[in-house]
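This report is meant for a reader who meets the structure for the first time. Please keep the sequence and the 3D view at hand while reading on.

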Amino acid sequence: MSQLPVADTRVVRLYATGLIRQHRAPLTRMLSLYALAAMMALVPAWIIGRITNLATDHRLTSRTITYYVVGLLASSLAFAGLSFLARRRSYVLGETVFAQLREEFLESVLALPLVVVERAGTGDLLSRTTNDMEALSRTVRFAMPEWLVAVVQALVTLVAMVLVSPLASVASIVSLPILYFSTRYYLHYATPGYRRERMSYASMSGSVSETAEGARTVDAHRLGPRQAARIEGNIRESFYSEMYTLLMRLVWFPTIEIAFALAVATTLAWSGWLALHHSITIGAATTVTLYVVQINDPVDRIVSWLDELQIGQTSLARLVGVSVVRDDRPIEGREPSNETITMHDVRYAYREGHDVLNGVSLTIRPGERLAIVGPSGAGKSTIGRLLAGIDAPRSGTVTVGDVDLATMPLTILRRHVALVTQEHHIFLGTVRENLALAKPAASDDEIERALAAVDALEWVRALPDGLATELGTTGYPVTSAQAQQLALARLVLSDPHTLVLDEATALLDPRAARHLERSLSAVLEGRTVIAIAHRLHTAHDADRVCVVVDGLVAEIGTHDELVALDGEYASLWRSWRNEVPEPS
Ligand code: ADP
């Protein structure tokens, strides 16, 4: 299974700078407020330095002390007020940006070509929408604002230190190489570690959801131990990847602590020495040392949030990766000149080197009812998918009129061909909403006609609230046969010129299915209908029957012709007639 792509660092960086650019004004305002708050935080250490100098010069009076105490109080109050305002702004900004990210991600997920989702499996996508979105939410809403605050505080403190005494500040530089190299080392080795960690979560949720969804199959084929072994493997992989990143942190954190302690110690010794030799005042030495102590806190936060930012970056790369998948379909295109559908020498493979269609050629006239029959695994559904333009052939062409389906914009394609399979989904919402998906402007009258066409009007009317009855997981339960009827009603509403029905009535009992097909065909008069059928009465009722065997068209013609031919179809028909009594 091929995973969805992950955006590379360059793309992620471009995306992030784009975001910053869009929110530049509120970001600048927020950072300015934080800078002011950080300046207020510098006042106490400066005052302590002043008092120290006055005390050593024996010039300290109770009056100056009062002034300084008032100054201290005022700066603390200003600090609290400014911090509050700045923090509020940063959280508002974080929420705004996160909401935007979420919407953009949703858009790119919805724009994913169906084939890509099918190939990647839903686990990966699920893990991106849950784990990665959550990780990114922490980053954007907390880590990023906190980190920016810390950066501003550290810079402001650094500037103040240099202003008080450039000479004394020099000593704190000793810790910089330690901080720089250890952090670089950490980021270099931890980033792939975090990426691996995320991927392992994706595989794990994939295996678990697959096992839960396919629980019956797993039971029926006694795949329990195999699935358990696979999940155990996933857990082991997660365990080792987490151990790895944990080990990285375990080495990195203490190194940072040592760097801080070293900075304070050397600054104290060096500025003390300078003060003893009267190069600077004792007050300046005190203030600079206090600033070094004070700067440790924001620097510590800068480096420890890097960790979370890393995780955020990895998640962002996985989320942006989804938008990197581009549908090769153009947005614009022209309408086909007519509705004839042609497959020419089509070959198709799910896995390279294993063609399941070996050169299928087929022309379907507008308004024709074609039934496709054949043994299971012969390639009927694959033909259906290609006819509906879900996937493109490996070689050969599928065209409607004179336009290649593979290059037709989706909006045009869906007006011409639509596919209904046994898989169908009831969305959360009323019956009306479920059907209006196909045609948002549909009136109740149109909706009821569509329901009547699929024999569903009667039971829908009998629902507690009729068309307004809530359906879906938390709503009124409908049977799968009813769900199938709703899917077909949706199709009637969207009214494409060509319909591909892949066992679309398989969940109904034979009698109901045949009745439904007949009412459908009354509504679909003039439409092209391609029905992939396992019940041969569908073939019997069709204009032509196409028999597919081993990825090739083995026979094609009317029911009577093929019965007279006495080949594959004739024998299928005979055995089916023997099994199933003639439906009325
Ligand atoms: P039919 O509809 O006639 O039963 P299909 O078109 O579903 O046949 O399948 C044709 C062949 O392609 C089968 O051998 C099947 O195993 C294979 N196949 C179908 N779907 C996939 C898939 N998603 N991945 C790999 N092989 C597939």
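Strand β1 is joined by five bridges to strand β4 (residues 395-400), and these two strands run antiparallel. In this pairing, the partner that Met343 finds in β4 is Val398. The model is a predicted one, in which local features need pLDDT of at least 70 and side-chain atom pairs count only at pLDDT 80 or more, while totals for chains, interfaces and linings use all residues. Residues are numbered from 1 along each chain as its sequence is written, and side-chain values use heavy atoms, with hydrogens and water left out.

**The sheets**

Strands (E, at least two residues) and helices (H or I, at least four) are DSSP runs numbered from the N terminus, and two strands pair if DSSP finds at least two bridges between them. On these terms β1 (residues 341-351) is also joined to strand β2 (residues 354-364), by eight bridges and in the antiparallel sense, and in β2 the bridge partner of Ile341 is Ile364. The hairpin of β1 and β2 has two residues between the strands, and in this hairpin Gly353 takes a positive phi near 85°. These strands belong to an open sheet of four, with the order β2-β1-β4-β5 and antiparallel pairing. Because β2 and β5 (403-404) stand at the edges, each with a single partner strand, one side of each is left without a neighbour in the sheet.

Another open sheet is formed by six strands in the order β6-β9-β10-β3-β11-β12, and its pairing is mixed. Here β6 (417-420) and β12 (552-557) stand at the edges, each with a single partner strand, so one side of each has no neighbour in the sheet. From one strand to the next, the twist averages 20°. Within this order, strand β3 (residues 369-373) pairs with strand β11 (residues 544-549) in the parallel sense over four bridges, and the bridge partner of Ile372 in β11 is Cys546.

**The helix pairs**

| Helix pair | Axis distance | Angle |
|---|---|---|
| α5 and α10 | within 6 Å | roughly 155° |
| α3 and α10 | within 8 Å | roughly 45° |
| α7 and α9 | 8 Å | about 160° |

Angles under 35 degrees count as roughly parallel, over 145 as roughly antiparallel, 65 to 115 as roughly perpendicular and the rest as oblique. The contact of α5 with α10 has 29 nonpolar, seven polar and eight charged residues, where Ala, Val, Leu, Ile, Met, Phe, Trp, Tyr, Cys and Pro count as nonpolar, Asp, Glu, Lys and Arg as charged, and the others, Gly among them, as polar.

The helices α3 and α10 are oblique to each other, and their crossing is left-handed. Helix α7 passes α9 (residues 224-276) in a left-handed crossing, and the residues of this contact divide into 21 nonpolar, 14 polar and seven charged.

**The second largest pocket**

A pocket is an open set of points on a 1 Å grid over the protein atoms alone, where a 1.4 Å probe fits, with protein on both sides within 12 Å along at least five of seven lines, and lining residues have an atom within 4 Å of a point. The second largest pocket has a volume of about 940 Å³, a volume being the space filled by probe spheres set on the points, which are joined across faces, edges and corners. Its lining counts 31 residues, of which Ala16, Ile20, Met144, Leu309 and Leu316 lie nearest the centre. At least two lining residues come from each of α1 (9-22), α2 (24-56), α3 (62-110), α5 (122-164), α7 (175-213) and α10 (282-324). By class, this lining has 19 nonpolar, ten polar and two charged residues.

Methods. Axes are lines fitted to C-alpha atoms, for helices over the stretch in contact, and angles run from 0 to 180 degrees between N-to-C directions. A crossing is left-handed if the near helix is turned anticlockwise from the far one by less than a right angle, and right-handed if clockwise.
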